[in-house]
Every structure is written in C-alpha cells, then in structure tokens.
Amino acid sequence: VIITNGTFLTESNLKSLQGNDIKIAVSLWGLGSDNDEARGAIRPQDSYENIVAGIKRLHEMGFDYNINHVVTPGNADKFADFIRAMWDTKADTYIGRDWNWPNSTPLPIPLGIAFFRAQSQEDITALQNGGYDRMVKGLRQGFEVIHNLIMRGEAVPRLGKIDYLQLFD
C-alpha cells in the first residue's frame, strides 16, 4: 500500500507502478479550497484539482485505490458534503462523474475514515474545548447522508477503514 497526498499521481509515475499489485490510498482532508487550505497547498501540483485528476488516473489505469479522509474539528461540519462527493453518484458534487466506468454506471469512490489525533497540548485543549463536539456532530450528519443513500437504494461500499474515535484521549 502506498499512502500519498496525491500530488505526484502523474501518468508517468503511475505507469511505473502498474502491474505490481499495489494499492494506493490518497488522503483528502476536504473538497476544493478546503483541502488546499488544510494541507497548505502552495504549488500547482498541491491543488485539489490536481489531486482529483490523479485519482481519476488511478481509476482509469485500473489501480486498487481508496480515499482516506481525516475528520478534524475544522472540517467535520462538511463531512456530509464529503460523503456526497464520494458516494452520491447522482449529486452534482460527485467527483467521479466524468470518469470512464467499465460498465458505464458510476460507482461510489472507495473510502476510509480516520480521525484527527492530538499532537500537542494545544491540540488536546482544542479538542476538549468543543473540537470533539464538532467532530461528533459532523459525523452524525455524514452518517445521516449514508443512511439516506442506503434508503434510496444506492450501492454504498463498505468503509475501507474507520478509526475508533477516542473521545477521552
């Protein structure tokens, strides 16, 4: 498994990896400028648009891949939007809308969910001062979207990963 922020998912880089039974996990912390801001994107190759183009290349070149989304206090309120962009193939924001699908029917993008882990005393304080509450609220909204997709009859994939949210760390 290669874990990447997706900035170097160029055709030439991926061609050298083809046929080696490699799974690629791409980290996205948000959609559009939210991802760029959270990741400190400076160079053009760091941009959300470039990363999504790289994910499209993974798909079209037949790689086994998934998206890893880290839920943080800062992005949790947009978790429901993120789920729609990955799994709601009928949503305007669905990122795989114009990809080449083998059976011509768009499918949900494979997804793993991780949770922000405190790295400093400042992080711990921020989590204790409302950060966990924002994360739990955002998760509930996201899982409501998942529930609605299931009730609509959409093929929601199993999560590639879901961390344990340790509320009392």
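## A guided tour, starting at the pocket

Select the lining of the largest pocket: by class it has five nonpolar, five polar and four charged residues. (Ala, Val, Leu, Ile, Met, Phe, Trp, Tyr, Cys and Pro count as nonpolar, Asp, Glu, Lys and Arg as charged, and the others, Gly among them, as polar.) Bear in mind that this is a predicted model, where local features need pLDDT of at least 70, side-chain atom pairs count only at pLDDT 80 or more, and totals for chains, interfaces and linings use all residues. Residues are numbered from 1 along each chain as its sequence is written, and side-chain values use heavy atoms, with hydrogens and water left out.

**Stop 1: the pocket.** Of the 14 lining residues, pick Trp29, Asp34, Ala38, Gly74 and Asn75, which lie nearest the centre. A pocket here is an open set of points on a 1 Å grid over the protein atoms alone, where a 1.4 Å probe fits, with protein on both sides within 12 Å along at least five of seven lines; lining residues have an atom within 4 Å of a point. The volume is about 270 Å³, meaning the space filled by probe spheres set on the points, which are joined across faces, edges and corners. Now colour α2 (33–39) and α4 (79–87): each supplies at least two residues of the lining. (Helices are DSSP runs of H or I with at least four residues, strands are runs of E with at least two, and numbering starts at the N terminus.)

**Stop 2: helix α4.** Stay with α4 and ask: how many of its nine residues are buried? Seven are, so the helix is largely enclosed by the rest of the structure.

**Stop 3: Asp21.** Asp21 has a positive phi of about 55° although it is not a glycine, and at 80% relative accessibility it counts as exposed.

**Stop 4: the whole chain.** Finally, zoom out to five helices and five strands, running β-α-β-α-α-β-α-β-α-β from the N terminus. The C-alpha trace spans about 45 × 40 × 25 Å along its principal axes. Of the 169 residues, 43% count as buried.

Terms used
Buried < 20%, exposed > 50% of the residue type's maximum accessible area, 1.4 Å probe, protein only.
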